[in-house]
Amino acid sequence: MVTANGRTSDGWAEMIERMMGLGMEASDEDLQTVHAYLTREFPPRRAN
């Protein structure tokens, strides 16, 4: 469900911050990699 509608780069950054607030742990390098992947592979979907 998280990827269904996609998000902007800022939206993914907010989601990652929220996940970290819930206890997710990762290095800064890993967080940058995850952010880049999500932004590239799951951009906002356009309405038809």
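Where does I16 lie? I16 sits in helix α1, one of 2 helices in a protein chain that has 0 strands. Helices here are DSSP runs of H or I with at least four residues, strands are E runs of at least two, and both are numbered from the N terminus. This is a predicted model, where local features need pLDDT of at least 70, side-chain atom pairs count only at pLDDT 80 or more, and totals for chains, interfaces and linings use all residues. Residues are numbered from 1 along each chain as its sequence is written, and side-chain values use heavy atoms, with hydrogens and water left out.

**The chain overall**

- Taken along the principal axes, the C-alpha atoms of the protein chain fill a box of roughly 40 × 20 × 15 Å.
- Of the 48 residues in the protein chain, 15% are buried (under 20% relative accessible area; exposed is over 50% and partly exposed in between, with a 1.4 Å probe and protein chains only).
- Look at contacts (heavy atoms within 4.5 Å) with a separation of 6 or more, and 56% of them in the protein chain come from residues 24 or more positions apart.

**How the helices meet**

- The axes of α1 and α2 come within 9 Å and cross at roughly 135°; axes are lines fitted to C-alpha atoms, for helices over the stretch in contact, and angles run from 0 to 180 degrees between N-to-C directions.
- That makes α1 and α2 oblique to each other, the label for whatever is left once under 35 degrees is called roughly parallel, over 145 roughly antiparallel and 65 to 115 roughly perpendicular.
- On the α1 side the contact is made by S9, W12, A13, I16 and M20, and on the α2 side by L31, V34, H35, L38 and T39.
- Sorted by class, the contact of α1 with α2 has 7 nonpolar, 3 polar and no charged residues (Ala, Val, Leu, Ile, Met, Phe, Trp, Tyr, Cys and Pro count as nonpolar, Asp, Glu, Lys and Arg as charged, and the others, Gly among them, as polar).

**The core and I16**

- W12, M15, I16, L31 and L38 form the largest nonpolar core, with 5 residues; such a core is a set of buried Ala, Val, Leu, Ile, Met, Phe, Trp, Tyr and Cys residues joined through side-chain atoms within 4.5 Å.
- Two or more residues of this core come from each of α1 (9-21) and α2 (28-41), and α1 gives the most, with 3.
- I16 is buried, at a relative accessible area of 7%.
- Leaving aside neighbours up to four places away in sequence, I16 touches M24, L31, V34, H35 and L38.
- C-alpha to C-alpha, I16 and L31 are 7.9 Å apart in space, though 15 residues apart in sequence.
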